[in-house]
Amino acid sequence: MENTDVHAQQAPLQFEIEQPKEYGQYLLYSKVEIAAILRALMQKRALISAYFNKNRSFLLTAVLAVDTAAGKLVLDYGREGETNRLALLTEKLLLTAAVDKVKVQFTLGKLSETQHAGLPAFSAVLPDKLLRLQRRECFRLSTPITKPVKCTATIRREDGSACLLEAPLLDISGGGVGLMAPPGLAALLQRGTIISDCKVSLPDEGLLVATLCVRNKLDSTTKGGSHYVRIGCEFIALPGARMNMLQRYINRIERERKARLSGMA
């Protein structure tokens, strides 16, 4: 599995599992339910962001094994040795992922080194609680063709040189976006790539600035025969105010779409 590790977020991020007053209803404490969700993450090979250093640093990992008898969880090692070393020194990690469009978050105590299938891995005690959040904002909206919405950001090539990312959005939801990218640009965006400071101008709402993580890629063809790649990206800890802006846009566009359909009936 290919991982990309990222250090030193400029400011600590906030997650729903850290806000029990607002999101306590989504917390699970049943060991059976928690194990089932962790196994679903494993079976789906879901990419997991593991945050530490007060949520300022993170690495990308995946569930390799869920051992309920031993009460242990085995996670994939990150790509960077230094990041792995720092993660092993921390006392607490916050992990976030998505499975079947449902947000999953849980915390782990101190990691230890182990091996899985002959390769180095992390081991930790199974979490005693897990947040499972599925809300209406996960509805995916296809963006209007007549008013295309674009995402712009600066990404880095392998040689370190800067490259401008400018791609139309195919769809958008509270969980992320689907980008329409030419094959050459798509080649620079591997699964797990973090795209910081992405700017999306939402018509009549404002500028949405977010961090994206590439989750999947799908080769596609337009009706005219042009080839492109759909890049599925997840928002990384989108702040509440920006989520509200996004939700207003989704709700308005959906209302306009329904009004047009009613007028055509």
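**Figure 1. Strand β14 and its partner strands in the predicted model.** A181 stands opposite V229 in β17, in a view taken from a predicted model. The two strands concerned, β14 and β17, pair in the antiparallel sense, with six bridges between them. β14 is also joined to β13, again in an antiparallel arrangement, through three bridges. In that pairing, L169 has L179 of β14 as its bridge partner. β13 and β14 together form a hairpin, and three residues lie between them. Because five of its six residues are buried, β14 is largely enclosed by the rest of the structure.

**Figure 2. The largest nonpolar core.** This core comprises 35 residues. Those with the most contacts inside the core are L165, I172, L179, I195, L202 and I231. Two or more residues each are supplied by the strands β12 (150-156), β13 (162-172), β14 (176-181), β15 (194-202), β16 (206-221) and β17 (227-235), and by the helices α4 (183-186) and α5 (240-264). Helix α5 gives the most, with six residues. In soluble globular proteins, nonpolar side chains tend to be buried together.

Figure 3. I195 is among the residues with the most contacts inside the largest nonpolar core. Neighbours within four places in sequence being left aside, I195 is in contact with A153, I155, L165, L189, A210, T211, L212 and V214.

**Figure 4. The open six-stranded sheet.** The strands of this open sheet follow the order β1-β10-β7-β6-β2-β3, and their pairing is antiparallel. β1 (27-28) and β3 stand at the edges with a single partner strand each, so one side of each is left without a neighbour in the sheet.

Figure 5. β6 (residues 93-99) is largely enclosed by the rest of the structure, because six of its seven residues are buried. Its pairing with strand β2 (residues 48-52) is antiparallel and extends over three bridges. Within that pairing, L95 in β6 is the bridge partner of A50. Strand β7 (residues 102-108) runs antiparallel to β6 and is joined to it by seven bridges. Here A97 stands opposite V104 in β7.

**Figure 6. The buried side of helix α3.** Four residues of α3 (residues 81-89), namely T83, N84, A87 and L88, are buried. They cover an arc of only 135° around the axis, which puts them on the same side of α3. The elements covering the buried residues of α3 include the strands β2, β3, β6, β8 (112-116) and β9 (119-125).

**Figure 7. T61 and its polar contact.** T61 belongs to strand β3 (residues 57-61). With a relative accessibility of 1%, T61 counts as buried, because the limit for that class is under 20%. The side chain of T61 reaches the backbone oxygen of D76 at 2.6 Å.

**Figure 8. The hairpin of β4 and β5.** Strand β4 (residues 63-67) and strand β5 (residues 72-76) run antiparallel and are joined by four bridges. The bridge partner of A65 is V74 in β5. Four residues lie between the strands of this hairpin, where G71 takes a positive phi near 70°.

**Figure 9. T221 in strand β16.** T221 lies in β16. Beyond neighbours within four places in sequence, T221 is in contact with S226, H227 and Y228.

**Figure 10. Confidence of the model along the chain.** The average pLDDT of the protein chain is 86, and 91% of the residues score at least 70. Over residues 1-11, pLDDT stays under 50. For this segment the model has 38 contacts beyond four places in sequence.

How values were computed
Residues numbered from 1 in each chain as written. Predicted model: local features only at pLDDT ≥ 70, side-chain atom pairs only at ≥ 80, totals over all residues. Heavy atoms only, no water. Core = buried A, V, L, I, M, F, W, Y, C linked by side-chain atoms within 4.5 Å. Buried < 20%, exposed > 50% of the residue type's maximum accessible area, 1.4 Å probe, protein only. Contact = heavy atoms within 4.5 Å. Polar contact = N/O pair within 3.5 Å; in protein donor to acceptor, adjacent residues only side chain to side chain. Pairing = 2+ DSSP bridges. Arc of directions from axis to C-beta. pLDDT = per-residue confidence, 0-100.
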